[in-house]
Structures are given as C-alpha cells and as structure tokens.
Amino acid sequence: MSLASAAPEPPAENRADGGVTEDRLLNGRVRLLQPAQGYRAAIDPVLLAAATPAGDGDRVLDLGCGAGAAAFCLAARLPGVRVAGLELQPQAADLARRNAELNGVTARVRITLGDAALAPAHLPPGADPDLVAGRFDHVMTNPPFHPGGRHTRSPGRARRYRMARARPISPPGWRRRPACWRRAAP
C-alpha cells in the first residue's frame with residue numbers, strides 16, 4: 001500500500017469501487033477511501049493532524065478537507081474532538097462523508113460542501129452548526145505545495161479555482177483570518 005502523492009494504480013485487491021481505493025493510516029486506525037488516480041494522501045495530513053494543538057472537546061475547522069485524511073487522523077488521536085470539514089469539490093466531499101461513516105465518526109466529523117472564500121452565511125442548508133456560526137478553537141488546512149509549472153493541474157472546477165486569486169468576502173465584524181471564518185473581538 002502506497003500513501004504517496006501520484007501513486008501508481010493500486011492492485012485490484014485494494015480497489016473499493018469506481019476508481020476508489022481503501023487505504024489505512026495510523027497503523028490501520030484510520031480507513032481512507034481515496035481516488036485511485038490523482039492526489040492521494042501522503043504523510044502531510046498525518047503530520048498536520050499530529051501538529052494541530054487541539055484537545056478533547058475542541059472544535060476544529062479543516063479547510064479544503066479533501067477526502068478527510070487529516071480530519072480522521074485528528075479524530076483518531078482525540079476521541080472528544082469535533083471537526084467540521086469544508087470542501088469545494090463535490091467528489092472529494094462525498095468521499096469524506098463516506099470516510100466518516102467508514103470510521104464511525106459521523107457524530108464528530110461533519111463534512112460540508114462549500115467555498116472557503118465565502119462567508120459562513122453563504123453555506124448550504126444543513127451545514128455543520130459550528131461552521132455556520134464560525135466557532136472554532138483551531139483551524140487546519142493542507143494546501144497544495146506545488147511550484148507553478150512543475151505539477152499536473154487538476155481538471156475541471158478545481159483547476160479553475162485558485163486560492164491565490166480568491167478574495168474572501170468579509171462582512172462587517174469578520175476578520176480575514178482564515179478566509180473570514182472568525183469574528184473579530186468586540
């Protein structure tokens with residue numbers, strides 16, 4: 001089992017369905033459905049979850065959660081943490097929701113399809129209440145670390161969406177850190 005980015009096609013026995021594989025992180029404590037082709041979780045989300053200074057009872061926002069590798073590693077480390085994952089790509093958000101079920105953490109890890117560049121008021125109905133209210137103790141994100149021209153760009157909407165060009169909408173009373181998700185102190 002390889003967890004490296006741009007990993008070759010996994011053996012047929014590891015394929016879960018429709019171009020998706022089931023892999024394991026943290027010595028099997030986290031099960032992860034992820035695309036067989038394209039971005040695949042490597043060590044980055046594992047280290048991100050380990051470096052997030054959350055504790056039991058904390059609320060954590062995972063911006064651009066993808067299939068949820070960092071969120072599920074954090075949930076495995078801290079049984080009392082609550083994670084709200086926000087993901088722009090519908091296929092990745094769907095995988096993250098399936099992974100929450102697969103790992104038995106749907107009550108603690110909730111995934112919302114949405115755009116981090118928009119204020120919480122613009123989230124879809126049914127979004128995580130902490131996400132709508134913007135109440136978090138910690139925020140984590142695992143942005144792409146690819147120098148321009150040295151990687152294969154993602155197709156479709158993800159290709160057109162660039163965080164560097166996105167402008168967060170900041171209604172009165174909202175800070176732009178990160179992407180307007182925290183209320184400014186009175």
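**Exercise 1.** Find which residue in β3 is the bridge partner of R24, and work out how many bridges join β2 to β3.

*Solution.* Start at R24 and look across to β3, where its bridge partner is R31. Next, take the two strands as a whole: β2 covers residues 20-25 and β3 covers residues 30-35, they run antiparallel, and six bridges join them. Two strands count as paired if DSSP finds at least two bridges between them, and strands themselves are DSSP runs (E, at least two residues), numbered from the N terminus. Finally, inspect the hairpin of β2 and β3, which has four residues between the strands and in which L26 takes a positive phi near 50°.

The model is predicted, so that local features need pLDDT of at least 70 and side-chain atom pairs count only at pLDDT 80 or more, while totals for chains, interfaces and linings use all residues. Residues are numbered from 1 along each chain as its sequence is written, and side-chain values use heavy atoms, with hydrogens and water left out.

**Exercise 2.** Determine the strand order of the open sheet of four strands, and say which are its edge strands.

*Solution.* Reading across the sheet, the order is β6-β5-β4-β7, with parallel pairing. The edge strands, each pairing on one side only, are β6 (109-113) and β7 (138-141). Strand β4 (residues 59-63) pairs with β7 in the parallel sense over four bridges, and D62 stands opposite M140 in β7.

**Exercise 3.** Decide whether C65 is buried or exposed.

*Solution.* Buried means under 20% relative accessible area, exposed over 50%, and partly exposed in between (1.4 Å probe, protein chains only). C65 counts as buried because its relative accessibility is 8%, and C73 counts as buried because its value is 3%.
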